[in-house]
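Take a look at the structure shown here. The paragraphs after it will walk you through a few of its features.

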Amino acid sequence: MLPEMTLLEALDAVQRLTDLPPLLRARVLKNIVRYFLLNPVEITSCPFLENQDCLIYENRFFGCRAYGLWSPEYYEKIAKSSRQAKRYIQKQWQDLGVSLPQNVINCSIPYCSNVKRTDHKELNDKTLLDAANAIENLSQCFLPWHELFHRKYFSDLSFFITALIFGVTGSIQIKFTVVRNIVNNRDRALLNKIIEEVIDPLGNLP
Ligand code: SF4
C-alpha cells in the first residue's frame with residue numbers, strides 16, 4: 001500500500017518516475033492509475049513494487065522507512081486512525097449507492113516486529129515523530145501547494161498523478177464509474193480500457 005506523504009515526498013517520487021526508462025515508466029504509471037481506481041474495491045499492492053523489489057527504494061517515503069520502527073502502541077494509534085478513515089470512506093460510497101467489499105475495509109497492514117536497526121542505536125517514537133515533523137517543515141517551503149496536496153489530494157500520490165492525466169474532477173468521475181461498474185455489475189471494461197489505452201505507452205506525463 002502507498003503510505004500518506006507530504007508534497008515534498010510526492011514531488012520527489014514524480015522526479016524518480018521521470019528518471020525511469022520509458023517502458024518501465026509507462027508500466028509504473030499504469031500501476032499508479034490502477035491503484036488509484038481500484039483501491040476501494042481490491043487490496044492492491046504498492047505501484048512501485050515489482051518482482052518483490054521497490055523501484056524507488058533509495059528514495060522511498062518516510063511512511064515506508066518508519067514501518068516496523070514505531071512502538072506497538074504508537075503503531076496501533078496509526079492503524080486505528082486508518083480504520084476510522086476507511087469506515088468514513090465506506091459510508092460516503094454507501095451514500096452513493098456503492099457497497100465496498102468488507103474485506104477491503106477491514107484490511108490493515110499488521111505490526112511488524114522483525115525490523116531491527118543495524119547500527120543498534122536507540123530509536124523511539126519521539127525520534128520518528130521529530131523526523132516526520134522535519135519533513136513536514138521542509139515541505140511547507142512549498143506553501144500553498146503543500147497544504148493543497150493535503151486538502152485537495154488527501155496526501156495521496158496516486159490521486160495526484162492520476163489527476164495530472166485526467167484532471168481532478170475527471171479522476172473522481174472515472175473512479176466513481178469504475179468502482180460502481182465493478183461492485184454493482186462485475187464489469188471491468190472501463191478500467192481495462194483506461195489502463196490499456198489512455199496512458200501514453202512511453203509513460204510521458206502531460
Ligand atoms: S518501500 Fe517501496 S514498494 Fe514498499 S510501500 Fe514503500 S514505495 Fe512501495
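What follows goes from the ligand to the cysteines, then to a surface patch and some backbone details.

Before we start, keep in mind that this is a predicted model, where local features need pLDDT of at least 70 and side-chain atom pairs count only at pLDDT 80 or more, while totals for chains, interfaces and linings use all residues. Residues are numbered from 1 along each chain as its sequence is written, and side-chain values use heavy atoms, with hydrogens and water left out.

Let's begin with the ligand. Around it you'll find M1, C46, L49, C54, R60, F61 and C64, where being near means having a heavy atom within 4 Å of the molecule. That shell splits into six nonpolar residues, no polar ones and one charged.

Now for the cysteines. How many disulfides are there? The count is zero, taking a disulfide as a pair of cysteine sulfur atoms within 2.5 Å. C107, for instance, is in no disulfide, as the nearest cysteine sulfur, that of C46, is 14 Å away. C54, back at the ligand, counts as partly exposed because its relative accessibility is 31%; buried means under 20% relative accessible area, exposed over 50%, and partly exposed in between, with a 1.4 Å probe and protein chains only.

Over on the surface, L11, F142, W145 and L148 make up a nonpolar patch with about 360 Å² of accessible area together. Patches take residues with over 30% relative accessible area and no salt bridge, joining like charges within 9 Å and nonpolar side chains (Val, Leu, Ile, Met, Phe, Trp, Tyr) within 5 Å. A salt bridge here is a side-chain nitrogen of Lys or Arg within 4 Å of a carboxyl oxygen of Asp or Glu. The areas come from the Shrake-Rupley method with a 1.4 Å probe, and for residues only the protein chains shown count as cover. L148 sits in helix α7, residues 145-153; helices are DSSP runs (H or I) of at least four residues, numbered from the N terminus.

Finally, the backbone. Most residues other than glycine have a negative phi, and most peptide bonds are trans. The bond from L143 to P144 is cis, with omega near 5 degrees, and P144 is in the loop between α6 (125-139) and α7. In the loop between α7 and α8 (157-166) lies F154, whose phi is positive at about 55 degrees. S155 is in the loop between α7 and α8 too, with a positive phi near 60 degrees. Which of them is buried, and which exposed? F154 is exposed because its relative accessibility is 57%, while S155 is buried because its relative accessible area is 6%.

Terms used: Ala, Val, Leu, Ile, Met, Phe, Trp, Tyr, Cys and Pro count as nonpolar, Asp, Glu, Lys and Arg as charged, and the others, Gly among them, as polar. Helices (H or I, at least four residues) and strands (E, at least two) are DSSP runs, numbered from the N terminus.
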